[in-house]
Amino acid sequence: MQRRQPTSTRRNGSFSFAGALNAKSKSSPLLSICLVLVGAVLLLVYAFSGQGLFGGTKIVSKIEGDFSCTLELQRAVTILKTAFGNSMRKVLHVGPDTCSVVSKLLKEGEIEAWGIEPYDIEDADGNCKSLVNKGIVRVADIKFPLPYRAKSFSHVIVSDALDYLSPKYLNKTLSEFARVSSDGLVIFTGSPGQQKAKVNELSKFGRPAKMRSSSWWIRFFVQTSLEENEAAAKKFKQAASKQSYKPGCQVFHLSSYH
């Protein structure tokens with residue numbers, strides 16, 4: 001009897017070890033699936049983190065920090081075209097990444113588009129280089145008079161360019177925009193609370209962006225004798241409502257000098 005007891009123990013031990021192997025082999029597929037799912041999640045986090053899904057840059061722009069009214073403008077091009085119709089025939093865009101805006105305007109058809117890049121064009125692609133070589137896009141300091149005759153364009157559209165100017169230069173710059181346009185100005189500007197240039201980009205802009213409220217802009221427009229283009233503002237609002245478009249930037253419609 002005493003000899004049978006260790007034999008029984010060995011058998012029980014062997015059974016337990018085999019059972020453990022069987023349990024491990026049964027759990028292996030489940031473990032593999034879990035590992036695959038965890039890996040997939042990690043890959044998704046890595047892929048989207050660079051696009052701003054988890055606190056990164058929401059909108060990609062070549063020179064903006066984490067918000068771009070220039071990209072907002074590109075979303076609004078069809079709204080502007082609907083609102084202004086055939087009167088929007090020759091447009092000057094002023095702002096960073098103007099090559100992209102000009103290309104977008106040209107795709108609308110029946111629109112002549114030109115651009116001024118207030119800052120140096122970096123990492124320009126082939127399309128942008130072509131626009132620069134043709135003289136359609138040029139780099140110019142907007143604190144000085146624009147190289148165009150009066151009323152050279154039907155509309156001047158500005159984005160991400162005025163937020164970096166002090167009131168001293170804003171006065172002269174807005175007057176120039178009004179001078180070279182015949183049918184109005186459209187200004188896309190940031191709102192208080194929207195972050196702009198990164199610290200390492202301030203050397204390019206010369207000063208940090210100043211996000212001003214709508215009331216500040218309205219007072220400034222009055223002081224510089226620039227009047228709201230009420231008819232244009234109404235058309236834009238109606239067109240935006242029909243297409244369920246809500247601008248993420250402040251949009252001002254001003255009359256040109258006559």
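**Notebook: helix pairs, a bent helix and a pocket**

Helices here are DSSP runs of H or I with at least four residues, strands are runs of E with at least two, and both are numbered from the N terminus.

Before going on, I noted that this is a predicted model, where local features need pLDDT of at least 70 and side-chain atom pairs count only at pLDDT 80 or more, while totals for chains, interfaces and linings use all residues. Residues are numbered from 1 along each chain as its sequence is written, and side-chain values use heavy atoms, with hydrogens and water left out.

**Entry 1: salt bridges**

I looked up what joins the side chains of Arg-75 and Glu-72, and found a salt bridge of 2.9 Å, N to O. The term asks for a side-chain nitrogen of Lys or Arg within 4 Å of a carboxyl oxygen of Asp or Glu. My search of the whole structure gave four such bridges.

Next I checked how open the two partners are. Glu-72 has 5% relative accessibility, so I logged Glu-72 as buried; Arg-75 has 48%, so Arg-75 went down as partly exposed. Buried means under 20% relative accessible area, exposed means over 50%, and partly exposed is in between (1.4 Å probe, protein chains only).

Helix α5 (residues 167-180) holds both Arg-179 and Glu-176, three residues apart, about one turn of the helix. They form a salt bridge too, with the closest N and O atoms 2.9 Å apart. Glu-176 is buried at 14%, and Arg-179 is partly exposed at 28%.

I also noted a bridge between Asp-141 and Lys-143, whose closest N and O atoms are 3.2 Å apart. Asp-141 is partly exposed at 35%, and Lys-143 is partly exposed at 29%.

**Entry 2: back to α2**

Where does helix α2 bend? I found the bend at Ala-76, about 50° in a helix that covers residues 69-84. The angle is taken between axes fitted to the seven residues ending there and the seven starting there.

I then asked why α2 is largely enclosed by the rest of the structure. The count explains it, because 13 of its 16 residues are buried.

At the N-terminal end, Ser-68 caps α2, with a side-chain oxygen 3.2 Å from the backbone nitrogen of Thr-70. Just after the helix, Gly-85 takes a positive phi of about 60°.

**Entry 3: the largest pocket**

I looked for open space next. The largest pocket came out at about 310 Å³. A pocket is an open set of points on a 1 Å grid over the protein atoms alone, where a 1.4 Å probe fits and protein lies on both sides within 12 Å along at least five of seven lines; lining residues have an atom within 4 Å of a point.

The lining has 18 residues, and Glu-228, Ala-233, Val-251, Phe-252 and His-253 lie nearest the centre. By class, I wrote down 12 nonpolar, three polar and three charged residues.

Which element gives the most to this lining? It is β6, with five residues. I noted that α7 (214-223), α8 (230-242) and β6 (250-254) each supply at least two.

**Entry 4: the whole chain**

Last, I took the overview. The chain has eight helices and six strands, and buried residues make up 41% of its 258 residues.

Terms used
Points joined across faces, edges and corners; volume = space filled by probe spheres on them. Nonpolar A, V, L, I, M, F, W, Y, C, P; charged D, E, K, R; others polar. Polar contact = N/O pair within 3.5 Å; in protein donor to acceptor, adjacent residues only side chain to side chain.
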